[in-house]
Amino acid sequence: MQGTVTAVLGPTNTGKTHYAIERMLGHPTGMIGLPLRLLAREVYDKVVALRGAHVVALLTGEERILPPRAKYWVCTVEAMPMDMNVAFLAVDEIQLCADPDRGHIFTDRLLHARGRVETLFMGAEAVKLRVESLLQDIKFEHRSRYSKLTYAGVKKIGRMPARSAIVGFSVESVYEIAELLRRQKGGAAVVMGALSPRTRNAQVEMYQNGDVDYLVATDAIGMGLNLDIKHVALAGLSKFDGRRHRYLMPNELAQIAGRAGRYKTDGTFGVTGEAEPLEPEWIEAIENHRFAPIKKLEWRNSKLEFGNVAALLQSLDRPSKHPDLVKARDADDVLTLRALWEMPEIKDRVQSPNDVRLLWDTCQIPDFRKIAGNAHVGLVQQVFAYLQGKKGVIPEDWLAKQIHHIDKTAGDIETLSKRLAFIRTWTYVAQRNGWVADANHWRGATRAIEDRLSDALHERLTQRFVDRRTSVLMRRLKQEESLLANVNENGDVTVEDQFIGKLIGFRFLLDPKASADEAKTLRAAGLAALQPVFNLRADKMYNAPDAEFDVTQQGGLMWGEHAVGKLVAGADVLSPIVEPFVDDEAGADVAEKIRRRLAHWIDRKITAQFEPLLAMKNDETLEGMAKGVAFQIVENLGVMPRSEIAADIKALDQDARGTLRKHGLRFGQFTIFQHLMLKPAPTRLRLVLWSLSAGLDDFPEAPPPGLVTIPAVADAPDGFYARAGYRLAGDRAIRIDMLERLADMLRSENSRAGFEANADMLSITGLTLEQFANLMQGLGYAAERGEREKVKVEKPAEAAEKPAKAEGKPAEPAKVVSNAVEEKPAEEEAAPEIEVFYTFRWVPAKRHNTAQRDKPRGQKPRKGKPKQTRGKPQSARAPSKDKPFDPDNPFAALAALKAKD
């Protein structure tokens with residue numbers, strides 16, 4: 001019995017599939033055959049939503065959902081049960097009758113699949129003539145495209161518009177494009193025919209709900225998948241069809257390009273990547289949906305003979321008598337049958353028509369794995385052997401072993417894809433009636449493994465090809481919705497629960513892990529979301545107390561733990577300029593507010609720290625040379641070496657000196673300074689302001705507070721020691737106030753005649769005798785050997801056993817060790833725990849120069865050549881330029897210092 005047969009033909013986006021679903025649901029029973037498992041699942045879900053799962057069945061090679069009272073059957077074309085009596089039957093994409101691989105199956109459905117009341121075939125207009133020649137009683141309906149399809153030319157992937165699908169014709173091409181989209185656009189969903197429905201649905205959902213704006217797919221997208229796509233870009237014009245690489249025909253390209261534009265929304269198509277621009281005639285054909293008619297349909301005899309394998313092969317090779325039908329090339333099932341029949345063990349096993357039918361059924365197992373060699377043939381041989389055995393089913397332990405090593409969700413995309421292909425084989429096996437003892441168990445087990453692998457594959461695809469952070473932020477930016485940023489106590493900035501960087505003060509720093517392609521999106525989203533935060537933080541800072549601010553030793557301005565600006569040189573040393581650290585996007589108002597607050601604070605700090613200097617600067621009673629000296633002291637921030645201002649100091653009368661002393665100015669032998677300016681806080685700030693005015697790139701740090709002497713600083717800039725409150729002397733520097741105390745003591749000891757270091761001098765400086773000696777040499781004093789002195793020291797135990805030398809015998813030549821001249825007495829005269837030292841006196845190294853420069857008031861300098869110091873070696877003279885400097889010689893160090901002065 002046969003009802004009406006209708007062919008509904010037209011381009012994509014004409015609603016043919018939707019029309020067939022409506023027609024099917026208008027009948028009490030129905031069946032629809034679809035070209036892809038993915039599409040079958042999509043239609044199944046739609047019908048379930050309309051009628052309920054209890055009346056809808058799904059039949060594919062790897063999936064079988066059979067409710068007891070099923071009325072509507074959604075199948076892949078290969079899985080359609082041809083013996084089922086339904087009122088309505090439909091086959092989609094009927095133009096696939098011309099497909100070299102699967103065409104014979106579609107042709108068989110065209111010729112033999114019928115509904116009791118109504119039959120629909122949906123497809124492209126190009127198949128009309130062939131269908132009309134085969135079916136005399138068929139009616140044709142033409143449906144026009146709802147929207148316009150326009151060629152958009154060549155577009156780079158980086159400039160691809162949102163809601164685009166890029167089609168590649170190999171797995172490698174798909175992955176490469178998806179990687180590029182991840183870097184440049186935040187990511188893409190991936191759809192391929194080899195994906196399980198679960199993985200495909202998860203990827204499509206990610207695209208449909210806007211998590212990503214791009215879809216990368218194989219040509220499987222052209223088979224009825226209805227997605228919200230505005231533009232389709234072809235990344236190639238050729239593909240490998242399983243046998244050879246070939247160029248796609250215009251009608252095949254149109255099938256793919258037609259996915260652009262949904263319902264009445266117009267779409268565009270074009271090329272990208274390595275694809276050449278389309279020829280004008282091809283563009284015109286695709287836009288107007290006019291293609292050359294299909295000339296031949298693929299056909300394979302469906303009336304097979306199972307008397308023996310030879311008869312079966314002969315029936316498969318039989319050609320059609322109809323001129324429009326051409327014999328299809330051998331498919332995988334035929335190739336597998338031929339390979340098995342060449343095996344002697346198979347010939348021995350196949351003895352009856354039932355054996356031949358069983359062998360043919362096992363040859364139908366799809367080669368999802370696509371592994372090299374005869375692995376698939378071997379698998380089919382093993383399955384056939386089990387099914388033909390005594391039990392007639394596949395052993396559960398063998399099947400469990402095959403499945404066990406597949407049930408692993410670890411691995412990358414390629415590994416998981418292979419496991420999915422393997423499990424699809426066993427899912428197919430479990431779906432066949434009578435092949436396994438407990439079919440429901442194995443169907444559930446294989447389906448569970450496929451679901452786990454599908455979820456893992458979706459996760460890996462998402463991890464590799466989707467930057468959720470970038471995609472989410474790009475979507476929100478395009479929606480022009482206000483973004484809200486969350487900043488925690490560590491300064492971490494999150495927008496839409498995505499970490500994008502850190503907010504340090506008023507500067508937004510991008511996540512350092514972000515790629516260059518991500519940076520633009522992250523920064524745009526971050527600054528847009530942070531605008532309210534900038535304003536609130538600026539208000540908070542403006543009203544913060546002065547105690548929350550500080551200046552670093554490099555001139556940085558801190559608000560709490562946040563760096564909010566820096567000082568730069570201004571018109572004078574006491575008037576630095578504030579440069580705030582504020583992102584331009586925060587706005588000029590925020591930057592100005594920060595600048596004013598920092599300027600007010602630094603002005604008050606300078607006023608407080610240098611109040612004595614400012615008072616001296618503004619003292620109107622100072623006149624003449626006193627005013628000039630005060631000006632120089634202020635410009636040098638309260639500390640100046642006396643040598644730099646000696647002439648002006650000499651010109652001051654006693655009244656002028658008294659006035660300056662009222663402002664705390666001290667006239668030292670070595671330094672002129674304001675004594676309050678030597679405290680740690682003014683010293684620290686003085687070094688910063690001096691470094692700014694001197695234009696230093698790296699500011700020297702202030703010495704630790706409380707130290708009388710410090711080691712010499714390597715590569716210290718000129719002027720550092722005076723501004724730090726110290727004077728360099730040899731390999732150490734002494735604080736200038738303590739130096740002046742020491743100078744007073746030297747004068748009281750009648751330094752012209754020489755003096756011996758006493759305990760008070762050592763306590764002032766906090767130095768050892770050796771360090772004190774180096775300091776005195778640096779200040780211009782030389783050592784003269786004095787009397788011997790016994791000093792108790794800790795000595796090794798073996799020294800006590802050696803005989804001591806008699807004290808009256810002459811001593812060995814002495815060796816100068818800084819401030820001490822250590823005698824080396826004979827071992828037999830050394831007393832236990834006693835060491836003999838020579839003390840020595842300190843005298844000016846160049847008495848006439850020292851007396852002339854630093855003579856006490858009322859004394860006149862000596863005339864004539866100073867007396868040579870006894871025992872003074874020739875190296876005491878100033879070293880010539882061509883002789884190397886000896887750092888261990890105190891007289892050479894003294895001469896070098898004098899030459900430098």
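Below is a short chat about a predicted model and some of its local features.

Q: What are we looking at, and how many helices and strands are there in the protein?
A: This is a predicted model. The protein has 31 helices and 36 strands.

Q: What share of the 901 residues is buried?
A: Buried residues account for 49% of them.

Q: And the surface, what does the accessible area come to?
A: About 44,200 Å² for the protein, with 50% of that belonging to carbon and sulfur atoms.

Q: Of the contacts with a separation of 6 or more, how many are between residues 24 or more positions apart?
A: Those make up 67%.

Q: Let's go inside. How many residues are in the largest nonpolar core?
A: That core has 68 residues. Phe-506, Leu-660 and Leu-689 have the most contacts inside it.

Q: Which helix gives the most to this core?
A: Helix H18, residues 516-542, which supplies eight residues.

Q: Cys-97, buried or exposed?
A: Buried, since its relative accessible area is 0%.

Q: And Cys-363, buried or exposed?
A: Cys-363 also counts as buried, at 2% relative accessibility.

Q: Changing topic: where is Lys-239?
A: Lys-239 is in strand S14, which covers residues 238-240.

Q: Buried or exposed, that Lys-239?
A: Lys-239 has a relative accessible area of 18%. The limit for buried is under 20%, so Lys-239 counts as buried.

Q: What joins the side chains of Lys-239 and Asp-219?
A: A polar contact of 2.8 Å.

Q: Which other residues is Lys-239 in contact with, beyond neighbours within four places in sequence?
A: Besides Asp-219, the list holds Phe-169, Arg-244, His-245, Arg-246 and Leu-248.

Q: What separates the C-alpha atoms of Lys-239 and Ser-170?
A: They are 7.3 Å apart, while the two residues are 69 residues apart along the chain.

Q: Now Thr-76. Which strand is Thr-76 found in?
A: Strand S5, residues 72-76. Thr-76 counts as buried, at 8% relative accessibility.

Q: What does Thr-76 touch, not counting residues up to four places away?
A: Thr-76 touches Leu-34, Leu-36, Arg-37, Ala-40, Leu-59, Thr-60 and Gly-61.

Q: Last topic, strands S23 and S24. How many bridges join them?
A: Three, between S23 (residues 549-551) and S24 (residues 556-559), and the two run antiparallel. Asp-550 stands opposite Met-558 in S24.

Q: What is in the hairpin of S23 and S24, between the strands?
A: Four residues lie between the strands, and in this hairpin Gly-555 takes a positive phi near 85°.

Q: How does S24 pair with S25, parallel or antiparallel?
A: Antiparallel, over four bridges, with S25 covering residues 562-568. Here Met-558 stands opposite Ala-563 in S25.

Q: And how many residues are between S24 and S25 in their hairpin?
A: Two residues, and Gly-560 in the turn has a positive phi of about 65°.

Terms used. Residues are numbered from 1 along each chain as its sequence is written. This is a predicted model: local features need pLDDT of at least 70, side-chain atom pairs count only at pLDDT 80 or more; totals for chains, interfaces and linings use all residues. Side-chain values use heavy atoms; hydrogens and water are left out. A nonpolar core is a set of buried Ala, Val, Leu, Ile, Met, Phe, Trp, Tyr and Cys residues joined through side-chain atoms within 4.5 Å. Buried means under 20% relative accessible area, exposed over 50%, partly exposed in between (1.4 Å probe, protein chains only). Contact means heavy atoms within 4.5 Å. Accessible areas come from the Shrake-Rupley method with a 1.4 Å probe; for residues, only the protein chains shown count as cover. A polar contact is a pair of N or O atoms within 3.5 Å; within protein, one must be able to donate a hydrogen and the other to accept it, and residues adjacent in sequence count only if both atoms are side-chain atoms. Two strands pair if DSSP finds at least two bridges between them.
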